[in-house]
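Here is a short tour of a few backbone and domain features. Please keep the sequence and the 3D view open as you read.

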There are 2 protein chains.
Amino acid sequence: MKRQNVQFLNVKRVRKSVADGSNFKQSATRNKKKEAILVAAEKMFADYGFRGATTQVIADLAGIPKANLHYYFPTKEALYSQVVQNIFDIWLEAADSFDQNQDPASALASYIDKKMEISRAHPNGSKVWANEVMHGAPIIQDYLETTLKEWTISREAVIQSWIDEGLMDQIDPKHLLYMIWATTQHYADFVHQVETLNDGQAFDDDAWEAATRDVKKIILRGVGLSVGDDK
Amino acid sequence: MKRQNVQFLNVKRVRKSVADGSNFKQSATRNKKKEAILVAAEKMFADYGFRGATTQVIADLAGIPKANLHYYFPTKEALYSQVVQNIFDIWLEAADSFDQNQDPASALASYIDKKMEISRAHPNGSKVWANEVMHGAPIIQDYLETTLKEWTISREAVIQSWIDEGLMDQIDPKHLLYMIWATTQHYADFVHQVETLNDGQAFDDDAWEAATRDVKKIILRGVGLSVGDDK
DNA sequence: AATAAACTTGACCAATTGGTCAGATTGGTT
DNA sequence: AACCAATCTGACCAATTGGTCAAGTTTATT
């Protein structure tokens, strides 16, 4: 994953609208094309990893020549970086709804619901994220150390306050968070294994609902909270 | 990941001892060298993925010329396949101790203990496995459909029987298994993220013990079992 | 209509890399 | 010592692939 900043100099040729998103004129079709590239890239990076995905195949999948892809994203790394950041944003956004200071049971249940929905709607994004982190987060290390770190600390504090108030069992909040992340993302990252063990069938609506229900049930009860009805 | 079976024909040159493990003569040094290659390969595949890892760097890491590596493993894919199978074996072996028909609490606690130990001892193996499954299991699909499938069915049955006997809560056993897999492997696959959120520090003995304790606590209580002392 | 900027693309290149091979070297066996 | 199989290795090759570039075409603006 060698840096080749040299080529970025050529971008000057293209002026502002390419360098950032500040051009509002023809951005409609432009964004549509970028979006198509990003969708194709997300799938390829998820299925083959950074090195395994080729810009040629991504371009094919997006229905454009490879040279055109490089007009929008100067390097493969820039494209990959954008894909990872997009997932990170979705992740964080959903995570925000976690701490709309409700009671712990509602907050955690809502967070798990959201995370399961993301796993269903964006399995490729989740896979790319997992890949990136597994390989040492060469591209998004900054985000881990800043945004994710801060987010985690603040949520740990919320959970700890619930514990201190006696609303839930005494556990290290970070391990609860990890369990929620790991379990919900498992249904995206390991969807191939899950489907193979499901007789080769993808989860239907009922199966997703059942999975979400059981995950919530085990985790909520696991920390001393009651699920839905009772209490 | 194109198959190139042609080159396997050349292996005839090398006779039996290379084709399989049936030669007992000089297998001592031979196996030691193969082991060094496998360790290096496991690390490279874990850090860079199948395509990202190069046989040249694997050979460097193992301290031998690339050509020598290809003497022991005719293709990169054969080497990768061996790495994945090794992890699978470790996985299954540990999983076996799961069903030494104890009570559910002891069985699950023991299984989680073993899985956490594997995550600590073989993080690279776990990563390679995750990578392989995330990319659609192109190499080990057979294992998923046969060995893993059978193992899972039999364990689901055991858990279901506990439920039927009223020993634990009513949940779909498969989701309990997935949660255990996901959570325990998270500490291997996402070790980089976990360490970043741990102020860049690797887990020490105490941290591993605490993680294992909390994971067991949440999951066991989550399915209506009591942890360790009480009950 | 004229002009310039934005966009598109086929052809091309340099670097990387999995795998080959012929010729050494080593080690055991007679 | 002689022999042979096993092991080792530097040099090499063919295929892949990220990225470039010059020559277009389209689109907005005047």
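In which loop of chain A is A:Asp199 found? Please bear in mind that this is a predicted model. A:Asp199 is found in the loop of chain A that runs between α10 (191–197) and α11 (205–222).

The backbone here deserves a look. Most residues other than glycine have a negative phi. A:Asp199, which is not a glycine, has a positive phi near 60°. B:Ala137 sits in the loop between α7 (123–134) and α8 (141–164) of chain B.

Are these residues buried or exposed? A:Asp199 counts as exposed because it has 8 C-beta neighbours inside 10 Å, and the limit for exposed is 12 or fewer. B:Ala137 counts as buried because it has 20 such neighbours inside 10 Å, and buried requires 20 or more.

| Residue | Phi | C-beta neighbours inside 10 Å |
|---|---|---|
| A:Asp199 | near 60° | 8 neighbours |

Now for the domains of chain A. Chain A is divided into domain 1 (23–74) and domain 2 (84–222). The C-alpha centres of domain 1 and domain 2 of chain A lie 28 Å apart. Where the two domains of chain A touch, 6 residues of domain 1 are in contact with 6 residues of domain 2. On the domain 1 side of this contact in chain A, there are 3 nonpolar, 1 polar and 2 charged residues.

Conventions: Residues are numbered from 1 along each chain as its sequence is written. Chains are lettered from A and ligands numbered from 1 in the order in which they are written. This is a predicted model: local features need pLDDT of at least 70, side-chain atom pairs count only at pLDDT 80 or more; totals for chains, interfaces and linings use all residues. Helices (H or I, at least four residues) and strands (E, at least two) are DSSP runs, numbered from the N terminus. Domain bounds come from an automatic or database domain assignment. Two residues are in contact if their C-beta atoms, placed from the backbone, lie within 7 Å. Ala, Val, Leu, Ile, Met, Phe, Trp, Tyr, Cys and Pro count as nonpolar, Asp, Glu, Lys and Arg as charged, and the others, Gly among them, as polar.
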